[in-house]
Amino acid sequence: MLFKLSINNIKKSMRDYAVYFFTLIVGVAVFYVFNAIHSQTVMMDISKNTMEIIELMEGMLSGVSVFVAMIMGFLIIYATRFLIKRRNREFGLYMLLGMGKRKISMILFGETFLIGLISLGVGLIFGVCISQFMSILVARLFEADMTEFQFVFSKDACIQTIAYFCLMYLVVIIFNTIMVGRYQLIDLLQSDKKTEKIRMKNPWICMIVFIISAAVLGYAYYLVTEGFTEIDAGRIYLPIVLGAVSTFFIFWSLSGLMLKVVMSIKNVYYRGLNSFVFRQFASKINTMVVSMTIICLMLFVTICVLSSALSMNHSMNTNAKELAPADIQLIKRRNLDDSWMEQGYTKKDIQNSRISLLEEYKKAGLNLEKYLGDYVQYNIYATDELTLGDTFGSKLKEVQMVYSSLTYDTAETIMSVNDYNRVASLYGNKTYSLKDDEYMIVGDFESMMNLRDQALEKGEAIEVFGHMLKPKYNSCQRGFVEMAANHVNGGIILIPDDAVDTDYIEYDGITGNYMSNDKQKTEAAFKEEIKEKTEISYVSTSRLEILENSIGLGAMVVFIGMYLGIIFLISCAAILALKELSESADNVERYDMLRKIGTDEKMILGALFQQIGIFFLFPLILACVHSYFGIRFCTMLLETFGKEKIMQSVLETAGIIVLIYGGYFLITYLCSKNMIQKNRSTH
């Protein structure tokens, strides 16, 4: 009997459960899709290194899933609270007819169980289907071969999804039982007579709070943009706290100020149904200050995370091709002494450091021409007599006051201009020339280059190996030697060949391109022969490794960013939708009253659209303002990855928000429209 009653209640209240159903289905589908990525890569032809990256990504996604499950659990409890509140009078009638709270709990248990079971089943079906398309996205990100593509069902992802949602629903059932236990018959029967009163706050107090909050928020923006110089925990936490607190007080002050301001503008307040729209909105915002704050901050995090993740992925893929223009780079440490044994170098390594890498290969009988079509050999120098602080000259104290954490006693990286030009020619980069009394600095890490420009603009001369040199350019020039996935070159000092002192060689390197088009096979054979014929301690960097690592890390960031971003968006939009649907159901009589006094249906629907639109836009607008400064901060933190495609990433993020957040807005409007029109024919 109770189970049958649960089924009938679900059928009867289907429109109330529509957004709830939709949210659960999407949540289950997303949960399954992102936890089934490893199974989707089984049929792909990928390297061992890429598979290791995918396994690492799978582990991280599993960890993120715990956090996602907590968010979804909170969302389900929040939604259940609204749905139960909508049925207070129904439960009061049950109690009036003699039904005990235990049986009401059983009815709720039956409804919750059925809703969860249906949502889980439908969500898994959608998730399995969507995951097949996700396989194509994974293959594109990892540049994998999809010739062996086949339909894949992830048993592990399915079990994990079911386990998490069973746990969440267990918590919901306990929550429902506690709520029912607190019911009082008189409160349930009179719940529809209780209205949320608009408490008119003192407008002057609201104005003062708003101005102070805006000023504090502006200061927080300043701290993360113009006032940000170094990554320091204290400096990061302060603007976060200031931003969150000021966001709350902005919503609090606007909730008491907005209606008063609009009411003072007579030609706006009394135009059409604006008075009805703004009073309805003011009623809701007064009771949702905390919720609006949380939603705004979640939207802010979503926009920043998605934009930064997409930008990082774009930049890393671009960087890998731009910053790894050769097939292989081998670097050996030179001129070591016995103190280096503490860092893992052997006695033999120290002895071998006296000769160059090229000489050591020839000595071992390793023929480079067998593998490399063209290559260059170069030296990198360093001396404690020329440090980072020395290059700033008279600007040093001024720079130290702003950037106190930089290690100014670090020896500078020095190259002869001809050595650099040989590497630059191999890379296809610009070459340079210097007079006997000139030096220049090349780099690609923008912040460090801008910092160095302060000294170059002053024409600061430096002493290198006993030679006084003046800068040829008043700014750093673009260039690099070390192949990498990111912009990591903070500056290489180029000097004339005659100024070089070979006693100060710190590294020597070989960079070249393979003769064969089968890069992977050639690289494996080349490294194997080096291992067999030599016992050299060296560092190798290859284009293949950089591409694989960049693509893997970029994909990992994108998936985690999208996973969190989509869940955050769903949560924000669902909370707003449920609140608005609850309000629309409560306000059916108010809309009927508008019809009775002669308001046409077009104006009523227009007022409903405006009301829901303002409700959804209110937290989004402030979140967008937060995000403008948040994205600027993120680009500074992720500067080494590049920021050339940040605008493209922002537009892609905007598209995702329009699709999900806008979709919830449209569903909310259509459901609310059906609610207020249900009794239209009777009037």
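**Salt bridges and helices in a predicted model**

By salt bridge I mean a side-chain nitrogen of Lys or Arg within 4 Å of a carboxyl oxygen of Asp or Glu. This is a predicted model, in which local features need pLDDT of at least 70 and side-chain atom pairs count only at pLDDT 80 or more, while totals for chains, interfaces and linings use all residues. Residues are numbered from 1 along each chain as its sequence is written, and side-chain values use heavy atoms, leaving out hydrogens and water.

Back to the pair. Asp592 and Arg595 are 3 residues apart in helix α22 (residues 588–596), so about one helical turn separates them. Helices are DSSP runs of H or I with at least four residues, strands are runs of E with at least two, and both are numbered from the N terminus. Asp592 is buried at 7% relative accessible area, and Arg595 is also buried, at 13%. Buried means under 20% relative accessible area, exposed means over 50%, and partly exposed is in between, with a 1.4 Å probe and protein chains only.

Next, helix α20 (residues 519–533). Lys533 and Glu529 both lie in it, 4 residues apart, about one turn. Their side chains form a salt bridge at 2.7 Å, N to O. Lys533 is partly exposed at 40%, whereas Glu529 is buried at 9%. As background, an α-helix has 3.6 residues a turn, so residues three or four places apart point the same way.

Which residue forms a salt bridge with Asp327? Arg543 does, with the closest N and O atoms 3.3 Å apart. Arg543 lies in helix α21 (residues 543–586) and Asp327 in the loop between α13 (289–322) and β1 (328–333), so the pair ties together parts 216 residues apart in sequence. Asp327 is buried, at 3%, and Arg543 is partly exposed, at 26%. The whole structure has 15 salt bridges.

Ser253 sits in α10 (residues 233–264) and counts as buried at 0% relative accessibility. Leaving aside residues up to four places away in sequence, Ser253 touches Cys206, Val209 and Phe210, where contact means heavy atoms within 4.5 Å. Phe113 lies in α6 (residues 101–142) and is partly exposed, at 43%.

Finally, the protein chain overall: its secondary structure comes to 24 helices and 10 strands, and 52% of its 683 residues count as buried.
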